[in-house]
Every structure is written in C-alpha cells, then in structure tokens.
Amino acid sequence: MKIRVVVPASAGNIGSAFDSVGIAYGLSNEFVVDTAKPGELSVEGEGAEQLRKGEPNLFQQAFERFSSVTGKKLPDVGLTLINRIPFGRGLGSSASAIVGGLAAADALAETGLSR
C-alpha cells in the first residue's frame, strides 16, 4: 500500500491578527509511505543531506507517536520525503512534517480520525 500526503507551508503570525489568523502558501512538502519498501528512506529537496543521516525526523516521530497513542500497530514502511518548504524561515516546515506523519499514520491505520 502506498499513501501520499501533501501539506502546505503556513504562517500563523499575521500582523495585528497575531496567533489568530493563518495563511497557507503555494509551497508544500510531500510525504509518501510505502509498505512494499520497508526501511527505505529517500529525501529530496530542503535538508536532504541532514535528514539522510538516519536519525528519526519529525515525520517519523509523529508517525510512531500516532501508533503509541492510538494503540494501532503500523507496518514497517519505506518513506519518501520531498521537502519544498525551507527550514528555519517561519513557513511551517516542522509543522508540515508533524501533520504529514500523523495524517499518513491515520490513513494507514484506517482509523478515520476527524481533521
């Protein structure tokens, strides 16, 4: 089974609407989990060299956390990260990875949690 999740860049500190209005940008990160390729990791784009070092990234941490919190056993998967959101620029690259991990895990576990 292959699941593809796309999460847009975002910003939440918009002028006088500080922390109450957000905006989505045309940039997005794409995450593909594939049960046919367990253990494989492919990273393209922003932070590729850093993320290929094998340490669990935010996507993987959120994916695993979903399993521990819900009690749903998830299969080993291969992971492709296509990072288009720049790191450390306030555009939500970390949030994108976390939301992507949770959404992919939810789809794979077929729990149907509400957004």
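Student: Are Phe31 and Phe59 buried or exposed?
Tutor: This is a predicted model, and the term rests on relative accessible area. A residue under 20% counts as buried, and one over 50% as exposed. Phe31 and Phe59 both come out as buried.

Student: Which parts does the aromatic pair of Phe31 and Phe59 tie together?
Tutor: The rings of Phe31 and Phe59 are stacked, at 4.9 Å centre to centre and 25° between the planes. Phe59 belongs to helix H2 and Phe31 to strand E2 (residues 23-34), so the pair ties together parts 28 residues apart in sequence. The parts are strand E2 and helix H2.

Student: Why is the pair of Phe59 and Phe63 stacked?
Tutor: Planes under 30 degrees apart count as stacked. The ring centres of Phe59 and Phe63 lie 6.1 Å apart, and the pair is stacked because the planes are at 15°.

Student: Which residues form the aromatic cluster?
Tutor: Phe59 and Phe63 are four residues apart in helix H2, about one turn of the helix. Phe59 also pairs with Phe31. The one cluster is made of Phe31, Phe59 and Phe63.

Student: What arc do the buried residues of H2 cover?
Tutor: The buried residues in H2 are Phe59, Ala62, Phe63, Phe66 and Ser67. They sit on the same side of H2, because the arc they cover around the axis is only 140°.

Student: Which residue caps the N-terminal end of H2?
Tutor: Helix H2 covers residues 58-70. A side-chain oxygen lies 3.0 Å from the backbone nitrogen of Phe59, and the residue that supplies this oxygen is Asn57.

Technical notes: Residues numbered from 1 in each chain as written. Predicted model: local features only at pLDDT ≥ 70, side-chain atom pairs only at ≥ 80, totals over all residues. Heavy atoms only, no water. Helix = DSSP H or I, 4+ residues; strand = E, 2+ residues; numbered from the N terminus. Expected span 1.5 Å × (residues − 1). Buried < 20%, exposed > 50% of the residue type's maximum accessible area, 1.4 Å probe, protein only. Arc of directions from axis to C-beta. Polar contact = N/O pair within 3.5 Å; in protein donor to acceptor, adjacent residues only side chain to side chain. Phe/Tyr/Trp six-rings, centres within 6.5 Å; stacked < 30°, edge-to-face > 60°.
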